[in-house]
Amino acid sequence: QVQLVESGGGLVQAGGSLRLSCAASGSIFSINAMDWYRQAPGKQRELVATISSAGSTNYADSVKGRFTISRGNAKNTVYLQMNSLKPEDTAVYYCHANLAGGGSYGFRDYWGQGTQVTVSS
């Protein structure tokens, strides 16, 4: 079955950088879009960045100019390069994909388990 696994989270000082990775595996037929969300304790999950199958990208205003989302040459992989990190970036970051797979050609949503990013002052 389809599985999304994130990696690359950790503890970093303000102004530092981290690179998150997400790999989708399983019986995947086609990926329409992949995204990064984040959720801080006590707050709602928010969309951070998204990339479509055509390569179009969108970013939350709070991360624009600092974060970059990209797809790997193997299209089942998505990255989030995070530069100039701020304490308010601290959250659990989740990979999300809209794809066809898991025994069906119909598109549906899949989520990773999340990876913790902590930015200290």
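In what sense do β1 and β3 pair, and over how many bridges? Select both strands: they pair in the antiparallel sense, over 5 bridges. Strands here are DSSP runs of E with at least two residues, numbered from the N terminus, and two strands pair if DSSP finds at least two bridges between them.

Before going on, note that this is a predicted model, in which local features need pLDDT of at least 70 and side-chain atom pairs count only at pLDDT 80 or more, while totals for chains, interfaces and linings use all residues. Residues are numbered from 1 along each chain as its sequence is written, and side-chain values use heavy atoms, with hydrogens and water left out.

**The sheet**

The 4 strands form an open, antiparallel sheet in the order β1-β3-β8-β7. At the edges stand β1 (3-7) and β7 (67-71), each with a single partner strand, so one side of each has no neighbour in the sheet. On average, neighbouring strands of this sheet are turned by 15 degrees against each other, direction ignored (axes are lines fitted to C-alpha atoms, and angles run from 0 to 180 degrees between N-to-C directions).

**The disulfide**

Next select C22 and C95. They form a disulfide, with their sulfur atoms 2.0 Å apart; the term stands for a pair of cysteine sulfur atoms within 2.5 Å. The link joins distant parts of the chain: C22 belongs to strand β3 (residues 18-25) and C95 to strand β9 (residues 91-101), 73 residues apart. The link of C22 and C95 is left-handed, with -80 degrees about the S-S bond. Both C22 and C95 are buried, that is, under 20% relative accessible area with a 1.4 Å probe, protein chains only.

**The core**

Select W36, L80, M82 and Y93. Of the 30 residues in the largest nonpolar core, these four touch the most other members. Such a core is a set of buried Ala, Val, Leu, Ile, Met, Phe, Trp, Tyr and Cys residues joined through side-chain atoms within 4.5 Å. Elements giving two or more residues to this core include β4 (28-39), β5 (46-52) and β11 (115-120). The most comes from β9, with 5 residues.

**An arginine and two rings**

Finally, select R45, Y94 and W111. R45 lies over the face of Y94, at 3.9 Å from the ring centre. The charged end of R45 also sits over the ring of W111, 4.8 Å from its centre. A charge sits over a ring if NZ of Lys or CZ of Arg is within 6 Å of the ring centre and within 35 degrees of the ring normal.

Definitions and conventions:
Buried means under 20% relative accessible area, exposed over 50%, partly exposed in between (1.4 Å probe, protein chains only).
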